[in-house]
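This briefing sets out the secondary structure, sheets, helix packing and core of one protein. Please read it alongside the sequence and the model.

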Amino acid sequence: MGATSAEPVAHSPCLDAVQSLLIPGERLEFSAIQHRLFALTHRRYVVGATSGRLIAVQRGLISGFTTQDVRWQDLRDAQLQVGIFGATLTVTADPGEDLAGAHGNTRVLRFGGLRKEQAQEVYRACQSQEQSWREKRRVRELEEMRARSGGVHLGAVPGMPAGGEDVARSPQARLQRAREMLEDGLLTDAEYEQVKARILGEL
């Protein structure tokens, strides 16, 4: 666990609350607690990076606590601003309506006044997970593209008029989809040329 500040947080009620929220097999890897200086008008909160998600917990003024969490597969971007007294972690995520992360209206979570060294560790965990899941999504898109190029229909091609399966599976539609994936960075130049050659070879 990445609590590296001079002020101990091992017995923080918020950190205990994070631990209580972990599901079987999930482990807390890094955590960052808010400076007291930034919590003069509210209870402090703690942000934890676990093996499966990002969790933020804030104690209530009287009792209980509120939580926010982001599954790693829904994470789209993480930014860290480090100031003189603390750091601000900003996370952008998909709504998380399915396993792979649903595109649509994103949500933005911002946690200010975190202890700098701890926030940096949580941020690095976010960056690592973001890159990992970006690659997983790229591989999945590539597999779908390869399936389409082999003649397997996995759904309509975005931007193509509705005309049934023949339209979606036409060489023109498949080439257009491959070009879009290349422009979006989902295919490398070599992969694009390979897919294009396969499609053209079927003509």
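In this predicted model, contacts between residues 24 or more positions apart make up 54% of the contacts in the protein with a separation of 6 or more. The protein has 203 residues, of which 39% count as buried. Its secondary structure comprises five helices and seven strands, and the elements follow the order α-β-β-β-β-β-β-β-α-α-α-α from the N terminus on.

**Four-stranded sheet**

- An open sheet is formed by four strands in the order S1-S2-S3-S4, with antiparallel pairing.
- The edge positions are taken by strand S1 (28-33) and strand S4 (65-71); each has a single partner strand, so one side of each is left without a neighbour in the sheet.
- From one strand to the next, the twist averages 15°.
- Within this sheet, S2 and S3 are joined in the antiparallel sense over five bridges, and Tyr45 stands opposite Gln58 in S3.
- Helix H1 (residues 13-21) lies across S1, S2, S3 and S4 and runs at about 135° to S3.

**Three-stranded sheet**

- A further open sheet, of three strands, has the order S5-S6-S7, and its pairing is antiparallel.
- S5 and S7 are the edge strands, each of them pairing on one side only.
- Direction ignored, neighbouring strands of this sheet are turned by 10° against each other on average.
- Strand S5 (residues 75-82) pairs with strand S6 (residues 87-93) in the antiparallel sense over seven bridges, and Ala78 stands opposite Val91 in S6.
- The two strands S5 and S6 form a hairpin, with four residues between them.
- S6 also pairs with S7 in the antiparallel sense, over six bridges; here Ala87 stands opposite Leu114 in S7.

**Nonpolar core**

- In soluble globular proteins, nonpolar side chains tend to be buried together.
- The largest nonpolar core of this model contains 21 residues.
- Val47, Leu54, Leu89, Phe111, Leu114, Val122 and Cys126 are the residues with the most contacts inside this core.
- At least two residues of the core come from each of strand S2 (45-50), strand S3 (53-59), S5, S6, strand S7 (107-114) and helix H2 (116-149).
- Leu89, one of the core residues with the most contacts, touches Val47, Gln79, Leu80, Leu109, Arg110, Phe111, Leu114, Val122 and Tyr123, not counting residues up to four places away in sequence.

**Packing of helices H4 and H5**

- Two packed helices are described by the angle between their axes and the distance between the axes.
- Helix H4 (residues 171-183) packs with helix H5 (residues 189-201) at an angle of about 180°, and their axes are 10 Å apart.
- Because angles over 145 degrees count as roughly antiparallel, H4 is roughly antiparallel to H5.
- On the H4 side, the contact is made by Pro171, Arg174, Leu175, Ala178, Arg179 and Leu182.
- On the H5 side, the contributing residues are Asp189, Tyr192, Val195, Lys196, Ile199 and Leu200.
- Classified by residue type, the contact of H4 with H5 has eight nonpolar, no polar and four charged residues.

**Selected buried residues in the helices**

- Met181 is found in helix H4 and is buried, with a relative accessible area of 0%.
- Met181 is in contact with Glu141, Leu142, Met145, Leu186 and Leu187, leaving aside its neighbours within four places in sequence.
- The C-alpha atoms of Met181 and Met145 are 8.7 Å apart in space, whereas the two residues are 36 residues apart in sequence.
- Gln129 lies in helix H2; since its relative accessibility is 19% and buried means under 20%, Gln129 counts as buried.
- Apart from residues up to four places away in sequence, Gln129 touches Ser51 and Trp72.

Key: Residues numbered from 1 in each chain as written. Predicted model: local features only at pLDDT ≥ 70, side-chain atom pairs only at ≥ 80, totals over all residues. Heavy atoms only, no water. Pairing = 2+ DSSP bridges. Axes fitted to C-alpha atoms, helices over the stretch in contact; angles between N-to-C directions. Parallel < 35°, antiparallel > 145°, perpendicular 65-115°, else oblique. Contact = heavy atoms within 4.5 Å. Nonpolar A, V, L, I, M, F, W, Y, C, P; charged D, E, K, R; others polar. Core = buried A, V, L, I, M, F, W, Y, C linked by side-chain atoms within 4.5 Å. Buried < 20%, exposed > 50% of the residue type's maximum accessible area, 1.4 Å probe, protein only.
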